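Here are a few friendly notes on the charged side chains in this model. Please keep the structure open as you go through the points.

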Amino acid sequence: MSSILLNILSIVLYLSFLQHSGEIDLQVHGAKSDKGVVRILIFDSKKGYPDQVQLAVRSFSVPLSERKCKIKISGLKPGKYSIAVFHDEDENGSINTNPFGYPIEKYGFSNNAKAYFGPPDYEKTVFELKDNRKAIVINLR
């Protein structure tokens, strides 16, 4: 009898979690080719933004098709988030730069925030996720 109650409690807690989480339908457009993957990092604070994988709340590597990719990201708590992406053509795990430090692989940020002499300020890339689904399109530069 107690195992039945435990199972019911587990199901109720799981459903409660799902009701209080948001989902992102993310599309990334404008890759140079279909080679490699798009690396995606999601942050919930400035700490680690834009490139410290170990400090991201979620990270993904998504294959490309027709120079774009899409992914559904679920299970995120309501709150404020930022997304940084880049097209890792050679799949070395980091963005390649020229001798002056300027990225030679395409990159982008949530809100399509523009980068001038470095990544955009975290605040320019922040969006709010509620208990619903949010569609985000990032155009690589």
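1. Which residues are linked in a network of salt bridges? Glu-23, Asp-25, Lys-72 and Arg-133 are. A salt bridge here is a side-chain nitrogen of Lys or Arg within 4 Å of a carboxyl oxygen of Asp or Glu, and the count by this rule comes to six.

2. Some ground rules before the individual pairs. This is a predicted model, in which local features need pLDDT of at least 70 and side-chain atom pairs count only at pLDDT 80 or more, while totals for chains, interfaces and linings use all residues. Residues are numbered from 1 along each chain as its sequence is written, and side-chain values use heavy atoms, with hydrogens and water left out.

3. Asp-88 and Arg-39 form a salt bridge, 2.9 Å from N to O. Asp-88 sits in strand E5 and Arg-39 in strand E2, 49 residues apart (strands, E, are DSSP runs of at least two residues and helices, H or I, of at least four, numbered from the N terminus). Asp-88 is buried, at 0% relative accessible area (buried means under 20%, exposed over 50%, partly exposed in between, with a 1.4 Å probe and protein chains only).

4. Lys-46 pairs with Glu-123 in a salt bridge, again with an N to O distance of 2.9 Å. Lys-46 belongs to the loop between E2 and strand E3 (58–63) and Glu-123 to helix H2 (residues 122–125), so this pair ties together parts 77 residues apart in sequence. Lys-46 is exposed at 53% relative accessibility, whereas Glu-123 is partly exposed at 48%.

5. Lys-32 and Glu-89 also form a salt bridge, their closest N and O atoms being 3.6 Å apart. Lys-32 is in the loop between strands E1 (22–29) and E2 (37–43), and Glu-89 in the loop between strands E5 (79–88) and E6 (107–109), 57 residues apart.
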